Amino acid sequence: MFKSIMVPVDLAEAELAQPAIANAVSFAKVSGGTVRLVYVRSLVPVTYMEFVPADFDAEQQQDAEAKLAEIAAKVDLPPEQVSAKVLIGSVHGEVLAEADASGTDLIVIGSHEPGMLAYVIGSNASAIVRRAKCSVMVLRHA
């Protein structure tokens with residue numbers, strides 16, 4: 001049974017994660033496991049740093065943490081079975097590193113129907129599937 005379940009969430013498209021969260025909750029209820037929501041922020045290129053306020057990065061981190069906490073608060077599990085973490089970097093790289101570090105058994109991820117660009121450069125979901133050391137469930141959305 002899956003005891004440690006991770007759900008990557010894109011805060012720009014949080015509704016895409018809802019079916020993934022619901023599936024993760026179902027697994028956690030059966031196993032008594034935990035659900036960890038993860039959002040990965042993009043790095044601001046160094047060349048743009050002189051154009052943003054000094055506290056920009058801290059504000060972005062706080063905003064992302066607050067939004068992810070709102071989503072986590074609505075998860076249908078006791079609070080001690082739900083956690084949320086905001087990371088910075090490449091989505092698939094950070095999700096995989098966090099999965100390894102936290103002993104994740106299952107990653108449940110929502111994914112769009114791939115467009116032509118995804119076939120050419122790949123998607124985060126496909127990179128996670130290819131490189132994950134744990135089980136991965138991909139829920140496809142049209």
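**Strands.** Before anything else I needed a rule for pairing: two strands pair if DSSP finds at least two bridges between them. Helices (H or I, at least four residues) and strands (E, at least two) are DSSP runs, numbered from the N terminus. The model is a predicted one, so I kept its limits in mind: local features need pLDDT of at least 70, side-chain atom pairs count only at pLDDT 80 or more, and totals for chains, interfaces and linings use all residues. Residues are numbered from 1 along each chain as its sequence is written, and side-chain values use heavy atoms, with hydrogens and water left out.

I looked up β1 (residues 4-8) and found that it pairs with β2 in the parallel sense over 5 bridges. For S4, the bridge partner in β2 is T34. Between these two strands the chain passes through α1, and this β-α-β crossover is right-handed. That term means that, with the strands pointing away from the viewer, the path from the first strand over the helix to the second runs clockwise.

On to the next pair: β2 and β3 are also parallel, with 7 bridges. Here R41 has I88 in β3 as its bridge partner.

How much of β2 is buried? I use buried for under 20% relative accessible area, exposed for over 50% and partly exposed for in between (1.4 Å probe, protein chains only). I noted that 6 of the 8 residues of β2 are buried, so the strand is largely enclosed by the rest of the structure.

**Helix α2.** This helix covers residues 56-73, which is 18 residues. From first C-alpha to last it reaches 26 Å, close to the 26 Å expected at 1.5 Å a residue; the expected span is 1.5 Å times one less than the number of residues.

Which residues of α2 are buried? I listed Q61, A64, L68, I71 and A72. Seen down the axis of α2, they fall within an arc of 95 degrees, so they line one face of the helix. The arc is taken from the directions from the helix axis to the C-beta atoms. On the face turned away from that buried side I found the exposed residues Q62 and A73. The buried residues pack against α1 (14-31), β2 (34-41) and β3 (82-88), where contact means heavy atoms within 4.5 Å.

**Helix α5.** In α5 (residues 124-131) I found A125, A127 and I128 buried. Down the axis of α5 they fall within an arc of 165 degrees, so they too line one face of their helix.

**Aromatic rings.** Rings of Phe, Tyr and Trp (its six-membered ring) pair if their centres lie within 6.5 Å; planes under 30 degrees apart count as stacked, over 60 as edge-to-face and the rest as tilted. I got a count of 1 aromatic pair. The rings of F2 and F27 have centres 5.5 Å apart and planes at 85 degrees, so this pair is edge-to-face. It links distant parts of the chain, with F2 in the segment before β1 and F27 in α1, 25 residues apart. F2 is partly exposed at 24% relative accessibility, and F27 is partly exposed at 23%.

**End of α1.** S31 is in α1 and is buried, at 12%. Leaving out residues up to four places away in sequence, S31 touches M1, F2 and K3. G32 lies in the loop between α1 and β2 and is partly exposed, at 47%. G32 touches K3 and Q81, again not counting residues up to four places away in sequence.
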